[in-house]
Amino acid sequence: MSGLFLLSERALSLKPSATVAVTSRALELRRQGVDVISMSVGEPDFDTPDHVKAAAIAAIESGKTKYTAVNGIPELREAISAKFARENGLSYAPDAVTVTSGGKQALFNAFFALLNPGDEVLIPAPYWVSYPEMVALTGAVPVAVPTSPESGFLLDPDELEARVTPRTRMIVLNSPGNPTGAVFPPEVLRAVAAVAQRHDLVIVTDEMYEHLVYDAEQVSIGLYAPEHTLTINGASKAYAMTGWRIGYAGGPKGVIAAMNALQSQSTSNASSVSQYATLAALSDQAHTAAFVDMARAAYRERRDRIVSGLNGLGLRTPTPQGAFYVMADTTPIHPDELEAARRILDDARVAVVPGTDFAAPGQVRLSYATSMTNIEEVLRRIGGLLG
Ligand SMILES: Cc1ncc(COP(=O)(O)O)c(C=O)c1O
């Protein structure tokens, strides 16, 4: 583009997504009336629980529809502080907590509050695409730390430490992880915490999927290096609240204050109604636990079916311990994952996400946040493609 509306260097630096072509093709097929099953969505297929909806309706009816404090209503920050203590063993006082518009904004604010141009940030790969993009927007440099399907995508702390340089400033962790579903066990987290302590690094840990863990133990790394850790979480995945846009962070008060300052000059408070809804999710523990247990049991059953189904078709798929994604090796369909995803879409009418943007060559991601009926049909269709 030239002339008056020349785009900024920042805007131009955003990497075009390699998956856009597949997504556009899926939309185009749908428009033509083709019945495409989507295995590409990153959100629960369950509805938001009723007690949460009721709290939001009550908030609207009682006029809780105005600006709130930038960092969130005090009741919610207290509930988050209590949640961190109760469920994670972490001690973040209410003024060491901030409420954001989704987990994404908490991460964005954290990176902008902490990173300078040229700083290096270690990110285990395959990774959620927004980490390197957000880090690069600050002018810092994302550095991938590879993990492999053979090890179930477990991070090797020695591989991590081998990439530390004098410019390294931060480690980003995401366990349970998107896209791999890997859950890092306590001994790995302990070793990563020791790396952070040895080299004076900040740990930003994204625990959005903490409740969706099947056979593993979910532990917060903040337990092992509290003085190094900023913990990010939110309502989206745990309580099927993606559209409500509530995330939060707990960390050192100075960092939280800087995140609040950034937010005060950009979006201000997260939606007041959504804050009251999240307060109900965190406070009405009995109803919330019943919902989370129901969702977890359903995801586990679906995970078991899709993992055994894909492996049975000859597409090697490790069993993930958490989240609601699997990574399948699609090299039997085509060595290039973009071409494999295109064939799965065109010939099997199933939308999947190629691993290209996640640093996962030869693999595609399937989300099993969908019905068992869809999963069976997807396996049948992909089976037809291979057969
Ligand atoms: C690992 C991870 N972190 C954060 C988010 C963002 O969550 P939110 O929708 O609350 O912004 C996502 C959403 O896909 C995610 O997968």
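How are H12 and H13 oriented to each other: roughly parallel or roughly perpendicular?

Modeller: A word first on the source: this is a predicted model. Now to the helices. Two packed helices are described by the angle between their axes and the distance between the axes. Helix H12 covers residues 337-348, and helix H13 covers residues 372-386. They pack at an angle of about 105°, and their axes are 10 Å apart. Angles of 65 to 115 degrees count as roughly perpendicular. H12 and H13 are therefore roughly perpendicular to each other. On the H12 side, the contact is made by Arg 343, Ile 344, Asp 347 and Ala 348. On the H13 side, Arg 381, Ile 382 and Leu 385 take part.

H13 has another partner. Helix H11 spans residues 285-312, and its axis comes within 10 Å of the axis of H13. Here the axes cross at roughly 5°. Angles under 35 degrees count as roughly parallel. H11 and H13 are therefore roughly parallel to each other. From H11 come Glu 301, Arg 302, Arg 305, Ile 306, Gly 309 and Leu 310. They meet Met 372, Ile 375, Glu 376, Leu 379 and Ile 382 in H13. Ile 382 also belongs to the contact with H12.

Charged side chains come next. Side chains of opposite charge can pair when their charged atoms come close. The structure holds 25 salt bridges. One of them lies in H11, where Arg 296 and Asp 293 are three residues apart, about one turn of the helix. Their side chains meet at 2.9 Å, N to O. Arg 296 counts as partly exposed, at 22% relative accessibility. Asp 293 is partly exposed too, with a relative accessible area of 43%. Salt bridges that share partners also build a network: Arg 25, Glu 339, Arg 342, Arg 343 and Asp 346 are joined into one. Arg 343 is also among the H12 residues that contact H13.

Another salt bridge pairs Asp 119 with Arg 169, with the closest N and O atoms 3.9 Å apart. Asp 119 sits in the loop between helix H5 (102-114) and strand S3 (120-125), while Arg 169 is in strand S5 (residues 168-174), so the pair ties together parts that are 50 residues apart in sequence. Asp 119 counts as buried, at 11% relative accessibility. Arg 169 counts as partly exposed, at 29%. Arg 86 and Glu 87 form a salt bridge as well, at 3.8 Å, N to O. Arg 86 is partly exposed at 38% relative accessibility, and Glu 87 is partly exposed with a relative accessible area of 37%.

Now take a charged residue without such a partner. Asp 206 lies in strand S6 (residues 202-206). Asp 206 is buried yet has no salt bridge. The nearest side chain of opposite charge is Lys 237, 8.5 Å away. A salt bridge needs the nitrogen within 4 Å of the carboxyl oxygen. Asp 206 does have a polar neighbour: the backbone nitrogen of Met 208 lies 3.1 Å from a polar atom of its side chain. Beyond residues up to four places away in sequence, Asp 206 touches Leu 107, Trp 128, Tyr 131, Leu 173, Asn 174, Ser 175 and Ile 232.

Most residues other than glycine have a negative phi, and most peptide bonds are trans. A cis peptide bond joins Ser 175 and Pro 176, with omega about -5°. Pro 176 is in the loop between S5 and helix H8 (186-199). Another cis peptide bond joins Asn 178 and Pro 179, where omega is about 15°. Pro 179 also lies in the loop between S5 and H8.

Ser 268 is not a glycine, yet its phi is about 60°. Ser 268 sits in the loop between helix H9 (253-264) and helix H10 (272-283). Ser 268 is partly exposed, with a relative accessible area of 24%. Ala 359 has a phi near 65°. Ala 359 is in the loop between strand S11 (353-354) and strand S12 (363-367). At 31% relative accessibility, Ala 359 counts as partly exposed.

One last stop is Gly 63, in the loop between helix H3 (50-61) and helix H4 (74-88). Gly 63 counts as partly exposed, at 37% relative accessibility. Gly 63 and Val 273 are 210 residues apart in sequence. In space they are 9.4 Å apart, C-alpha to C-alpha.

Definitions and conventions
Residues are numbered from 1 along each chain as its sequence is written. This is a predicted model: local features need pLDDT of at least 70, side-chain atom pairs count only at pLDDT 80 or more; totals for chains, interfaces and linings use all residues. Side-chain values use heavy atoms; hydrogens and water are left out. Helices (H or I, at least four residues) and strands (E, at least two) are DSSP runs, numbered from the N terminus. Buried means under 20% relative accessible area, exposed over 50%, partly exposed in between (1.4 Å probe, protein chains only). Lys and Arg count as positive and Asp and Glu as negative; His and the chain ends are not counted. A polar contact is a pair of N or O atoms within 3.5 Å; within protein, one must be able to donate a hydrogen and the other to accept it, and residues adjacent in sequence count only if both atoms are side-chain atoms. Contact means heavy atoms within 4.5 Å. Axes are lines fitted to C-alpha atoms, for helices over the stretch in contact, and angles run from 0 to 180 degrees between N-to-C directions. Angles under 35 degrees count as roughly parallel, over 145 as roughly antiparallel, 65 to 115 as roughly perpendicular and the rest as oblique.
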